[in-house]
Amino acid sequence: MPKHRLDMYTEDSDEALTARLKCDDASALETLFNRHYKPLCHYCALFTRDFAAAEEIVADLFIKIWDNRHSSDILNVKGYLFLSIRNLSLNFLQKKKNPVDSIEDITIAQHVLQDMNTPFSVLSGREANKRILTMIDLLPERQREVLLMSKIDAIDKHTIAQVLGISVRTVETTLYQAIRQLRNQLKIS
Amino acid sequence: MEDRNNKLIAAYFDKTIDDDGLAELKEWLESSEENQHIFSDTIRILTASKSFFVPPVKQEASWSRIAAHIAATKDKSADLTNPPAALVDETLIPGSASALQLYNVKNWLIAALTFFGISTAALVTYQQFATKQVIPVTYTSLSNPEGRSSRVTLPDGSIIHLGAGSKISYEKSFSGKKRMISLDGEAFFDVKHKADRPFVVKSGKVSTVVLGTSFNIKAFSAAARILVTVNSGKVGVMTNVKGKSGVVNFLLPDEQLEISTADGVVVKNTINASAVSGWTENNFVYYNTSLKDITSSLARHYGVKFNIADEQLGKIKLTAKFNDMPLAEVTDNLEQLSGLSFKMHNKEITVLRHLQKRRAKMK
């Protein structure tokens, strides 16, 4: 069984790649996977706060895409991918409703690990980030989501608008609301 | 117009700003000092937001899992119970009729995948996931009655001093990515440093996370507050009250976090940590503590009961230090410090005013 060379596909659009899936072309899936893996993991981690779980959820999605390759036609691949991850992440959180368990999911370990792995002299910069991240955690859900999403590479305002089902203008105003809110909190503290 | 400035700052941060925008931003910055503060605050916020994201580490492994799934479902229509004769490899099955009966679906799958040239790495990953669910988990519990404290060494080399009337439990092999312990009561933890395996103590709604430090946790489920005190290293404490996760509080040596279990209110104290954890060596230090609290603490550690007849007596404040003393010596000390009488009978100690003092008052 001849395996197509991966570099043949890097120029292809998302939609061209998903079309190739119908020919049972696993290399097309792999190209899609490599292209979107990192931003999808980041978006997922936004909800789950658990990067390991995020990586698993993203892999599960690609398995699902493969399984459904013959029966579905994806019109806008990027929007579909991020929307799917959003739904899968929210499902994941639903299942973790137990307060004791959800503590595990929250990036305590991540905070502590990131803090402790840096030499003392660099800590002050990290400390500042940690403080602000904690404030971001306490923002209204929608503001938090838009703010963090805007900082994921490969996601632009149009993708955010599409995934959240709002206008680009609303994305911008929500983003600036979040920033204003955080600035006020910084002034107080 | 504030939105315009935010837009420019965000574009500047993302490096998508054009020349006109840059000129406009510069002019706005130069027009007032407050604008410069707004600018730097916004940059800090955007920097922190970006720092939330950590690069994924398992991209290859994730793809292997997907590839294995693709391979495994490739010939789903094939008859799994009747393997083609060509695939009955002598190296897989020793040539005997009874051995052939052992030839199960799993072996056929291995043979099929080898035939189609899928890498064995992918196969191993698939098998790991296929059998993932089956491993049972056993927990070890340790529980101390009042009057007894003990020391246990965990499989990772960490040491727990478990206090009187306290209980811990943990997964027996302690081999997970997170080293998890449940605690109800008081314990002192001396945690072996492992950079990639955080040590997590769950005590009710409070989680304490470290990589390698020493700290004391007092978290009796019946009590109104949880106390986390740090002796060495740095500790992160997270509370989760009313289903919403709270902020992470970081503690340094000689710092203590006091969490109210009713409303999650948190207070940070500076304290002598070795006094708090002194109980592990039978050393008890009480600074300006009420007699009632002192006797509650001693009751639990020594496994006795204190009866303070007069409520007013319980409110007397004392400062006392007991270094590895037997109970009789402790009560002697308390008698001298408080001027009260401590009479012990059958593991119960009654606290009264001295008769002489009463007589003196009557005169």
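User: What counts as a helix or a strand here, and how are they numbered?

Analyst: Helices (H or I, at least four residues) and strands (E, at least two) are DSSP runs, numbered from the N terminus. Read along its sequence, chain A goes α-α-α-α-α-α-α-α-α-α. That is 10 helices and zero strands. Residues are numbered from 1 along each chain as its sequence is written, and chains are lettered from A and ligands numbered from 1 in the order in which they are written. This is a predicted model: local features need pLDDT of at least 70, side-chain atom pairs count only at pLDDT 80 or more, and totals for chains, interfaces and linings use all residues.

User: What is pLDDT, and where is it lowest and highest in chain B?

Analyst: pLDDT is the predictor's confidence in each residue, from 0 to 100. Chain B averages 78, and 77% of its residues score at least 70. The lowest mean, 38, is in helix 5 (residues 97-101) of chain B. The highest, 94, is in strand 3 (residues 159-162) of chain B. Over residues 77-134 of chain B, pLDDT stays under 50. Where pLDDT is low, the predicted coordinates should not be read in detail. The model scores ipTM 0.81 and pTM 0.47.

User: How many residues of helix 4 of chain A should span what length?

Analyst: The expected span of a helix is 1.5 Å times one less than its number of residues. Helix 4 (residues 77-95) of chain A has 19 residues and should span 27 Å. Its end C-alpha atoms are 27 Å apart, which agrees.

User: Which residues of helix 4 of chain A are buried, and which are exposed?

Analyst: A residue is buried if 20 or more other C-beta atoms lie within 10 Å of its own, exposed if 12 or fewer, and partly exposed in between; C-beta atoms are placed from the backbone. In helix 4 of chain A, the buried ones are A:Lys78, A:Leu81, A:Phe82, A:Ile85, A:Leu88 and A:Ser89. They cover an arc of only 125° around the axis, so they sit on the same side of helix 4 of chain A. The arc is that of the directions from the helix axis to the C-beta atoms. On the other side of this helix, A:Asn87, A:Leu90, A:Asn91, A:Gln94 and A:Lys95 are exposed. Across chain A, buried residues make up 36% of the 189 residues.

User: What do the buried residues of helix 4 of chain A pack against?

Analyst: Packing is read from contacts. Two residues are in contact if their C-beta atoms, placed from the backbone, lie within 7 Å. The buried residues of helix 4 of chain A pack against helix 1 (14-21), helix 2, helix 3 (51-67) and helix 9 (157-164) of chain A.

User: How many residues are in the largest nonpolar core?

Analyst: A nonpolar core is a set of buried Ala, Val, Leu, Ile, Met, Phe, Trp, Tyr and Cys residues joined through C-beta atoms within 7 Å. The largest has 54 residues. Those with the most contacts inside it include A:Tyr43, A:Cys44 and A:Ile85. Helix 2 (residues 26-48) of chain A gives the most to this core, with 11 residues. Leaving aside neighbours within four places in sequence, A:Cys44 is in contact with A:Ala54, A:Ile57, A:Val58, A:Ile85 and A:Ser89. A second, separate core of 32 residues includes B:Leu183, B:Phe199, B:Val200 and B:Ile259.

User: Is B:Phe189 buried or exposed?

Analyst: B:Phe189 is buried, because 25 other C-beta atoms lie within 10 Å. B:Phe189 is found in strand 5 (residues 179-190) of chain B. Beyond four places in sequence, its contacts are B:Ser158, B:Ile160, B:Val201, B:Ser214 and B:Phe215.
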